[in-house]
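Hi everyone, thanks for coming. Let me put the structure up on the screen, and then I'll walk you through it.

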Amino acid sequence: MKLGDLNKLQYLRGYLSIRGIGNVQDAGDAERAKLLNKQNLTCLKLNFSQDSGVQRTEDESAALLEALRPPLNLVYLQITRYRGAKFPNWMVSLVSLRILILNRCHNCYLLPPLGKLPLLKALRMNYMDKVEEVGLEFLGVETGSNTTELESFSVSFPKLEELRFVGLSSWKQWLGVRYTTSSLKIMPSLRFLEISNCEILEALPEFLPTMPVQELVIDNCPILERRCQKEAGEEWHLISHIQNIEIKNSSGQ
């Protein structure tokens with residue numbers, strides 16, 4: 001079955017998993033699938049796996065993902081092995097999305113402004129090798145925003161409860177808002193935070209104490225492990241309010 005043949009399944013509902021997208025020759029075939037029109041589709045997995053020997057440029061992969069725009073009422077989205085450098089703008093239009101998993105998108109260096117998603121509850125980002133910085137754009141704050149613009153954007157990630165960063169091997173900085181504004185709330189519902197195998201991440205964001213995190217897991221992040229030592233570490237004041245803290249090194253201790 002070709003990808004474009006999905007257009008014939010007018011009453012497709014519930015769950016859909018598409019594998020081997022990296023083998024699709026023409027973005028037009030992806031457009032013909034017309035996923036956007038499948039209003040009863042709630043869960044979608046897109047896997048850009050491809051056969052050995054197949055070569056795809058970043059732009060070709062980006063065109064494929066752009067063409068696979070899902071319906072606005074999607075609740076669950078997982079994207080695996082996407083080879084584009086950036087994610088499409090339609091991601092922040094998924095106003096019903098509850099769970100988002102970005103898995104092994106090795107060429108992506110810039111995270112989309114996911115803080116704008118009003119109902120997102122769980123976000124997992126796994127093995128994204130080129131991400132070096134998580135900053136204002138991720139929160140949904142436009143780069144270069146002034147104080148007035150920040151005040152008009154009152155909550156970033158309003159419903160997010162679970163956040164996991166795993167295997168971001170180039171991630172060095174997690175930046176926060178550079179302006180003082182009492183109206184901007186960041187992740188006011190967050191309960192669980194995991195940072196694993198992010199070996200060169202240097203520090204936690206200064207806004208962390210404002211979030212109601214109840215459980216923090218730091219695993220195989222040697223710099224953070226040192227900086228988050230109880231009472232003595234430079235970052236301890238950022239996490240001391242968290243009830244359950246688990247810090248493990250590469251040996252699992």
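This is a predicted model: local features need pLDDT of at least 70, side-chain atom pairs count only at pLDDT 80 or more; totals for chains, interfaces and linings use all residues.

Quick housekeeping. Residues are numbered from 1 along each chain as its sequence is written, and side-chain values use heavy atoms, with hydrogens and water left out.

Okay, the overall picture. The protein chain has 6 helices and 13 strands. Those are DSSP runs numbered from the N terminus: helices are H or I with at least four residues, strands are E with at least two. The chain has 253 residues, and 48% of them count as buried. Buried here means under 20% relative accessible area, exposed means over 50%, and partly exposed is in between, using a 1.4 Å probe and protein chains only. Now contacts, meaning heavy atoms within 4.5 Å. If you take contacts between residues at least 6 apart in sequence, 66% of them join residues at least 24 apart.

On to the strands. Two strands pair if DSSP finds at least two bridges between them. To find your place, look for Leu16, which stands opposite Leu44 in S2. How does the chain cross from S1 to S2? It goes through helix H1, residues 27-32, and this β-α-β crossover is right-handed. Right-handed means that, with the strands pointing away from the viewer, the path from the first strand over the helix to the second runs clockwise.

Next, strand S5, residues 122-126. It is mostly covered, with 4 of its 5 residues buried. S5 pairs in the parallel sense with strand S4, residues 99-103, over 5 bridges, and there Ile101 has Arg124 in S5 as its bridge partner.

Now the two polar residues. Asn47 sits in strand S2 and is buried, at 12% relative accessible area. What does its side chain do? A polar atom of the Asn47 side chain lies 2.9 Å from the backbone nitrogen of Ser49. Leaving aside neighbours within four places in sequence, Asn47 is in contact with several residues, among them Ile18, Arg19 and Thr80.

The other one is Gln78, in strand S3, residues 76-80. Gln78 is buried too, with a relative accessible area of 16%. Its side chain makes a polar contact with the side chain of Tyr76 at 2.8 Å, and another, of 3.4 Å, joins the side chains of Gln78 and Thr80. A polar contact is a pair of N or O atoms within 3.5 Å; within protein, one must be able to donate a hydrogen and the other to accept it, and residues adjacent in sequence count only if both atoms are side-chain atoms. Not counting residues up to four places away in sequence, Gln78 touches Leu44, Lys45, Leu46 and Ile101.

Now the rings. Rings of Phe, Tyr and Trp (its six-membered ring) pair if their centres lie within 6.5 Å; planes under 30 degrees apart are stacked, over 60 edge-to-face, and the rest tilted. That gives 8 aromatic pairs. One of them is Phe138 with Phe165, a tilted pair at 6.3 Å centre to centre and 55° between the planes. Phe138 lies in helix H3, residues 136-139, and Phe165 in strand S8, residues 162-166, so the pair ties together parts that are 27 residues apart in sequence. Both are buried. Phe165 also meets Trp174: the centres are 5.3 Å apart and the planes at 70°, so this pair is edge-to-face. Trp174 is buried as well, at 5% relative accessible area. One aromatic cluster is formed by Phe138, Phe157, Phe165, Trp171, Trp174 and Phe207.

Last stop, the cysteines. How many disulfides are there? The count is 0, where a disulfide is a pair of cysteine sulfur atoms within 2.5 Å. For Cys105, the closest cysteine sulfur is in Cys108, 5.0 Å away, which is too far for a bond. Cys221 is in no disulfide either, with the sulfur of Cys198 the nearest at 4.9 Å. Cys105 is buried at 0% relative accessibility, and Cys221 is buried at 1%.
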